[in-house]
Structures are given as C-alpha cells and as structure tokens.
Amino acid sequence: MKAMVLAHTAPIETRPLAWTERPDPVCEPDEVLLEVLACGVCHTELDEIEGRLPPPSLPVILGHQVVGRIAATGPKVDRHQVGDRVGVTWLYRSCGACAFCRSGRENLCPSALWTGLTADGGYAERMVVGQDWACPLPEGLSDAEAAPLLCAGVIGYRTVRLAQVRDGQAVGLFGFGASAHIVLPVLKFQYPACRVFVFTRSPSHRSLASRLGADWVGGSEDTPPEPLDVAMDFTPVGETVARALAVSAPGARLVINAIRKTTPIGPLDYAELLWHERQICSVANVTRADAEEFLPLAGRMGLRPQVTCFAPEQANEALIALKHGQIDGAAVLRFAP
C-alpha cells in the first residue's frame, strides 16, 4: 500500500511527509482491516511533525480522523461486517483495566494507544483497528464530511460538555478552525438561547462564523457585547488564555481545547483574571462514549462540516495551509473519489 510516512520531525514547510510504499497491515483476531476513504487533517499532526508532540518511534503513519470501509475482519470480530463504513478517532485502544478506564475516563488511560501517534493511522490506503474502537457513522454524510467529526467534532463535543454550558449563557469561541466551526452549530442546536461570540483574526473565518450563526464576531483583542459565562479556547497559542479570562464574568469557566500550545501561556494575575471563582479546565483526548453520543447527534442535526479536500500525497501542502490559517473549516485527505 501507499502511505504518507513521517520519518523525522521537522518544520512542516520542509515537507517531511513522504508518499511511500509500505507493507499491507494484517488483522489481529479482534481487528478489522479498513480501506481508507478519507482522513481529516489536524493541528495535532503539526505538533507531531514539528516535535511538540514527538511520536515515540519513527517512522509512523499519522492521521486520526479516519473514515474507512471494512475490507476484512479477524476471526473474533462480531460487531462489524465486511463492507461496513466506520470511523476511527484519536483513541486507538485503551487497557480497560486501570482506574481511569473503569471509571469511564479511558481518555486518561496511561496505557492507551493513540491513532497516528503510537499506532499507524489513516494517512494511508489501509489500516487496522480493534473492532471495539471502530465507530459506526451516520448516513447522509460524504466520506470527506464524516472525517472531521471523528476528532474536530468529537473533541469539540467533549469541550462543550466539560464547559457545562447552560441555555441562555454568553459563550465565547476563541479561534475558529475545524473544531470550533463544528461546535458553533452544535451550541445553536442544543442551547438555542445562548449567545455565541467568535474571536478570530482571519477575515474568512469571521465570514464563516457569521454564516454559521454567530451572534458577534471579532478579534481576540476585541471586547464582546457582554462578559462571557463560558469560554472555549481552540487556538494553538498561549496568549489567548489571559485574554479569554479578561473578558469573562465572575464564575466563568474556560475550557482549553489544545493538545499543545506553541507559545507559553505566561503569568496570570490572580486578582485580575482568576479571582471570583473563574475556572480553567483542559480537554485531554476523547472516549468512545464521546463518539457514541456525538455521531448520532450529528446525524440528527444534519451537520455538514465545511471541508477542503486534498489528495493524500498533498498532505504536506494541506498541513502548511492549516498552519498558516488558510483553511476554512477542515482539511481532509480524500482517498476515494
């Protein structure tokens, strides 16, 4: 099979991913073999490529928003059949036995494997995954539209849950990339009385936010129409944390949706930014339960992410565009026409 392989970490502008021939993967007894149809492109891949989240071993095949058709199954597989269309998220496998797994927090499992980081992912024509980690997908979505739901969508849904949003609140979204552009319609669907304010520097991202129903759009340096009850930070930079707290109301909750920040958060003045019971929470990974709740919701909503498609051998170009804010919505590698 052909795959985009990362053999060494480097700035993405040097185009370190190489379109390479690799052996076809073989199913273990409880695994399914997927013919990859589409794979979303994520900021996490930039962190892996550029060394902020270096893979523990190289070479590796990146990609963790995978839509595939089951081509073969191991002898113990009883949940799926050949021909089923399924998705694979960032969580490739968890141990099922540790305290985190037993308490429904498999996203914190110390033995977990992560798709495209500690296990080969979906920047390839084929991949394998355990049957319990292959997610059924809603009908009505194209392969390219389904792909961003498997990370940008699922992690965005987890962000909304951890934010403890209540209807009628003022909610701020800082950054408006792949995840936030899915979170906005989810908020409008689940909490129709909320006012959603979007903070982004990109003119095209501002236009997209307005089209998707944002109640106000501005830059991170701007003051929203009212203090925020909830803030969600989707940006890769640390400076946004202080700015979000500065425009938040007493008792507000800030949830940071980023696996790494490219710049330091910096000092936070306690009296000015954290007092009055303001809270900060991070989002770490996803669980299968997140996907099992979110994907049917996306189907009921008729959610259609905005996607820009690239051929798989154009992954370097897709990631360069993503790094420089040139993608509206989500970037997707499409393997099938």
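A: A polar contact is a pair of N or O atoms within 3.5 Å; within protein, one must be able to donate a hydrogen and the other to accept it, and residues adjacent in sequence count only if both atoms are side-chain atoms. The model is predicted: local features need pLDDT of at least 70, side-chain atom pairs count only at pLDDT 80 or more, and totals for chains, interfaces and linings use all residues. Residues are numbered from 1 along each chain as its sequence is written, and side-chain values use heavy atoms, leaving out hydrogens and water.

The part to look at is Asp143. Its side chain makes a polar contact with the side chain of Arg85, at 2.8 Å. Asp143 is found in helix α3, residues 143–146. Helices are DSSP runs of H or I with at least four residues, strands are runs of E with at least two, and both are numbered from the N terminus.

Is Asp143 buried or exposed? Asp143 has a relative accessible area of 18%. Buried means under 20%, exposed over 50%, and partly exposed in between, with a 1.4 Å probe and protein chains only. Asp143 is therefore buried.

Which residues touch Asp143, leaving aside its neighbours within four places in sequence? They are Leu37, Ala38, Val67 and Arg85. Contact here means heavy atoms within 4.5 Å.
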